[in-house]
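Me: I have a protein open on my screen and would like to talk it through slowly. Could you help me read it?

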Amino acid sequence: MAGHAPDAAIFETLAIAALKRLPEPFAQHLADIVIRIEEFADAQTLADLEIESEWDLTGLYHGRPLTEQSIWDGGDMPPQVTLYRQPLLAEWCETGVTLQALVTHVVVHEIGHHFGLSDEDMHALEEAAG
């Protein structure tokens, strides 16, 4: 019997576990982050990001980075990290890394946008959350 591809609930569990492994001072700013799992990014998202293939986007941060927020801001939706299940499954099969490691990598990268981090900072954060 063939195995089944991990469903959205498994992806959500892995993403939440990745968030919980992030160290302070980051962890204290993650309580409002919403994790969403979708099969693929929609056509408008891909167009906005100038991405040609739906297979090329594995995750996306939606929200205003903490570095751009003010106490006077109001009415914003909570920040969200969306993981795109099908592109992640394809990358998982192609790379041979564990699904947990792949999801952690994407979550940390997207959370890095929440904090306004550089790619170097995101890499260090991923090491800490690994």
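Reply: Let us begin with strand E3, residues 80-84, where 5 of the 5 residues are buried, so the strand is largely enclosed by the rest of the structure. Please keep in mind throughout that this is a predicted model.

Me: Which residues of E3 are buried on one side, and which on the other?
Reply: Gln80, Thr82 and Tyr84 lie on one side of E3, while Val81 and Leu83 lie on the other, and all of them are buried, which leaves both faces of the strand covered.

Me: ok, and in what sense do E1 and E3 pair?
Reply: Strand E1, which spans residues 34-38, pairs with E3 in the parallel sense over 5 bridges.

Me: How much of the protein counts as buried?
Reply: Of its 130 residues, 35% count as buried. As for the surface, the protein exposes about 7800 Å², with carbon and sulfur atoms supplying 53% of that area.

Me: Now the helices. At what angle do H4 and H5 cross?
Reply: The axes of H4 (residues 99-115) and H5 (residues 119-129) cross at roughly 135° and come within 9 Å of each other. That angle makes H4 oblique to H5, and the crossing is right-handed. On the H4 side the contact is made by Thr104, His105, Val108, His109, Gly112 and His113, and on the H5 side by Asp119, Met122, Leu125, Glu126 and Ala129.

Me: What about H1 and H4, how do their axes cross?
Reply: Helix H1, residues 8-20, and H4 have axes that come within 9 Å and cross at roughly 60°. H1 and H4 are therefore oblique to each other, and H1 passes H4 in a right-handed crossing.

Me: Which residues meet there?
Reply: From H1 you will find Phe11, Leu14, Ala15, Ala18 and Leu19, and they meet Leu99, Gln100, Val103, Thr104, Val107 and Ile111 in H4.

Me: How far apart are Ile33 and His114?
Reply: In sequence they are 81 residues apart, whereas in space the distance from C-alpha to C-alpha is 9.3 Å. Looking at the protein as a whole, 69% of the contacts with a separation of 6 or more are between residues 24 or more positions apart.

Me: Last one, Thr58. Why does it count as buried?
Reply: Thr58 has a relative accessible area of 16%, and it counts as buried because the cut-off is under 20%. Thr58 has its place in the loop between H2 and E2, and, again leaving out residues up to four places away in sequence, it touches Thr82, Leu83, Tyr84, Pro87, Leu88, Glu91 and Val106.

Conventions:
Residues numbered from 1 in each chain as written. Predicted model: local features only at pLDDT ≥ 70, side-chain atom pairs only at ≥ 80, totals over all residues. Heavy atoms only, no water. Buried < 20%, exposed > 50% of the residue type's maximum accessible area, 1.4 Å probe, protein only. Contact = heavy atoms within 4.5 Å. Areas by Shrake-Rupley, 256 points an atom, 1.4 Å probe, with all protein chains shown as cover. Helix = DSSP H or I, 4+ residues; strand = E, 2+ residues; numbered from the N terminus. Pairing = 2+ DSSP bridges. Axes fitted to C-alpha atoms, helices over the stretch in contact; angles between N-to-C directions. Parallel < 35°, antiparallel > 145°, perpendicular 65-115°, else oblique. Left-handed = near helix turned anticlockwise from the far one by under 90°.
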